[in-house]
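Here are my notes on this one, jotted down as numbered points. Have the model open while you read.

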Amino acid sequence: MTDFRQQALAYHEYPTPGKISVELTTPAETSKDLALAYSPGVAEPVREIAQDPDAAYRYTAKGNMVAVITNGTAILGLGNLGPLASKPVMEGKALLFKRFAGLDSIDIEVSHRTTQDFINTVANIADTFGGINLEDIKAPECFEIEQALIERCNVPVFHDDQHGTAIVTAAGMLNALEIQGKTLSESRIVCLGAGAAAIACMELLIKCGAQREHIYMLDSKGVIHTRRDDLNEYKELFANNTDKRTLRDVIEGADIFVGVSGPNLLSAEELKLMAPNPVLFACSNPDPEIKPETAMAARDDLIMGTGRSDYPNQVNNVLCFPFMFRGALDVRATAINDEMKVASVEAIRQLAKEPVPESVLKAAGVEELTFGRDYIIPKPIDPRLCSRVSRAVAEAAVKSGAAKIDLPKNYMQD
């Protein structure tokens, strides 16, 4: 672990501190180049944009630029360490945008006194960018922040910790249930965790067919039920009219377990109480709610996913967020709506059913990947994700009325 720590620190320090930089896209060698790039030539696109704000997409980098914005109140699993400490994570997000979707991205870490201060700061700079990716903001403030910014901004706003997690979870879940011979509408679901990711996951599963009354959500105080008086408005949506109070109570007979909580909170004995052919997503990182080795020893009829890359079925947001923004920006979407989210779920899950290219097998270090118990969701390094998910999102944006322009000709054709 010490070696890995030193490797991680060296990676971020050398050869240049950080992970991102700005590069020029036009010539800047001659006096004429500089006259066009700045004064006096730059005045011409200024005049055009002043007359028509949409001209910014024609004459500036706005249409390919995403801002990754945080206040550092929920950094990874490390907690509220402040805006500056979150900068390596935000730079990492920018790296992923560029690596997987060719999107330019800049990280912005905001210090503020109140939630409204943060909202005002982001809203006031939003038009600089083609989209806003909110990151590492704690619940329940993240719900208020995202909703307020969606209402105030003319560009898409997406809290990846909520919706990216939900989209990838739903895609893998639907495929796992298909393999297990079950349907989402008839499945009993236990969700351990009641933060931003948990609530977003359950809401999207409901949009995909799950029944709200079949969902049992637990926070640090146990089952969220109708007789509790300590629930915020977001948890209240999942208050179940039940006498069950503990994880052991609700896990018995459950078809699905989704963990977005903490390490080692589900025991092998509790897992054994689930219904035949269960689906288990233990997504706490880096240590899941139950170790895969322990889970597999307890149940041989299980399909399991985690947030880790060293086990099968990694539930990883990078399967979604770069391509969500790629598709949204390419049709100048003003928002990311439910239709676009569901379209990305379907695109991701269908890709897992197709033959896997040799290049992906080589990059994954495996000889074979076939749709089944150990391959319910694509690998993050699958290059087809960009075209499939981006196109699905863009088409859904156009069809639902969220797009300002039509799909470009021959857009994202394989």
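1. First, the term: a salt bridge here is a side-chain nitrogen of Lys or Arg within 4 Å of a carboxyl oxygen of Asp or Glu. The count comes to 29 salt bridges. Keep in mind that this is a predicted model, where local features need pLDDT of at least 70, side-chain atom pairs count only at pLDDT 80 or more, and totals for chains, interfaces and linings use all residues. Residues are numbered from 1 along each chain as its sequence is written, and side-chain values use heavy atoms, leaving out hydrogens and water.

2. Take Lys353 and Glu178, whose side chains meet in a salt bridge at 2.8 Å, N to O. Lys353 sits in the loop between helix H15 (338-351) and helix H16 (358-364) and Glu178 in helix H8 (residues 160-180), so the pair ties together parts 175 residues apart in sequence. Helices are DSSP runs of H or I, at least four residues, and strands are E runs of at least two, numbered from the N terminus.

3. How exposed are they? Lys353 is partly exposed at 30% relative accessible area, and Glu178 is partly exposed at 41%. (Buried is under 20%, exposed over 50%, partly exposed in between, with a 1.4 Å probe and protein chains only.)

4. Lys87 and Glu109 also pair, at 3.6 Å, N to O. This one links helix H5 (residues 87-101) with strand E2 (residues 104-109), the two residues being 22 apart.

5. Finally, look at Lys221 and Asp230, which meet at 3.2 Å, N to O. Lys221 is exposed at 63%, while Asp230 is partly exposed at 34%.
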